[in-house]
Amino acid sequence: MTRTKTRDRANEAPAEPGAVISIRGLVNRFGNQVVHDGLDLDVRAGEVLGVVGGSGTGKSVLLRTVVGLNPPYAGRIVVLGEDTAAMSEREWEHLQQRWGVLFQSGALFSSLTVAENIQVPMKEHTHLPKKFADEVTALKIALVGLPPDAAGKYPSELSGGMKKRAGLARALALDPEILFLDEPTAGLDPIGAAAFDTLIRDLQQSLGLTVFMVTHDLDSLHAICDRIAVLVDKKIKVGTMAEMLADPHPWIREYFHGPRARAAGIG
Ligand SMILES: Nc1ncnc2c1ncn2[C@@H]1O[C@H](COP(=O)(O)OP(=O)(O)OP(=O)(O)O)[C@@H](O)[C@H]1O
């Protein structure tokens, strides 16, 4: 992990008790462009948190920063009790096994079958015998609602929805505690998106996951999110749907009271 600039922690708000992710004073910048400027966020254990914001406000950058793909310019990120800037490579590798990530496109390896894709993290982080790895793979395939014969298919042979499910199965390969989802319903038709929402909610409840979900999908926010984190003014405002509906910030008002919100039964 890249070490971030140290900052004065005396004025830092303490992490919420039970938070599985606690972010304080996060700054991300690219050249002169400041994307996050002193952002604080606590993600509670067992919640589905929906992260929304205008295009280019830094939702994906935030997700990528928490999972270590984007070194922050400044700030502190504590995940599952571990300060990510103060870890050895070995500790970092261990921590990474405790979460799964589903990127927007599914990010499957096109030259590998679904089963082989799911086994990538297993091979990288464990020494499971092949027979056992195959059994776990079959379980994950069933868990995400794919038919057993999907195991031997290549990504090009799958529909958009099946690709997402395969990506989800791979994200769940190591039995994570946290699931990061980047626009999971993007590109799906409304019925496919609703089915995927239900799947995420069911998995979150049955596996006790904490879900950090970047989304544009107001239906998903309404259907499955416990709280909503809105990226505005380079920081985050977090609250329930009822709190968002009462928030006077102009972007939040427009988003949660606009025609798309009304179509989703919000506002
Ligand atoms: N590696 C990078 N180098 C330079 N600029 C970057 C990099 N990654 C992201 N950015 C910039 O940071 C800003 C935030 O990007 P990000 O992808 O997080 O936005 P977003 O909120 O997810 O947007 P969208 O909803 O459109 O996907 C954008 O202006 C983007 O161009």
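The model is predicted: local features need pLDDT of at least 70, side-chain atom pairs count only at pLDDT 80 or more, and totals for chains, interfaces and linings use all residues. Residues are numbered from 1 along each chain as its sequence is written. The protein has 10 helices and 10 strands; helices (H or I, at least four residues) and strands (E, at least two) are DSSP runs, numbered from the N terminus.

**Overall shape**
- Along the principal axes, the C-alpha atoms fill a box of roughly 55 × 50 × 35 Å.
- Of contacts between residues at least 6 apart in sequence, 68% join residues at least 24 apart; a contact means C-beta atoms, placed from the backbone, within 7 Å.

**Burial and core**
- Buried residues make up 38% of the 267 residues. A residue is buried if 20 or more other C-beta atoms lie within 10 Å of its own, exposed if 12 or fewer, and partly exposed in between, with C-beta atoms placed from the backbone.
- The largest nonpolar core has 63 residues, and L49, V51, F180, V211 and F212 have the most contacts inside it. Such a core is a set of buried Ala, Val, Leu, Ile, Met, Phe, Trp, Tyr and Cys residues joined through C-beta atoms within 7 Å.
- Beyond its neighbours within four places in sequence, F180 contacts L63, V67, W99, V101 and F212.

**Strand 3**
- In strand 3 (residues 48-53), 6 of 6 residues are buried.
- V48, G50 and V52 point one way, while L49, V51 and G53 point the other way.
- Strand 3 pairs in the parallel sense with strand 8 (residues 210-214) over 4 bridges and with strand 9 (residues 227-232) over 5 bridges; pairing requires at least two DSSP bridges.
- V48 stands opposite V211 in strand 8, and G53 has L231 in strand 9 as its bridge partner.

**Ligand shell**
- Residues around the ligand (C-beta atom, placed from the backbone, within 6 Å) include F30, V35, G53 and K59.
- Helix 1 (residues 59-66) gives the most to this shell, with 3 residues.

**Q104**
- Q104 is in the loop between strand 6 (99-102) and helix 3 (114-125).
- Q104 counts as partly exposed because it has 16 C-beta neighbours inside 10 Å.
- Leaving aside neighbours within four places in sequence, Q104 contacts D182, E183 and A186.

Notes:
Two residues are in contact if their C-beta atoms, placed from the backbone, lie within 7 Å.
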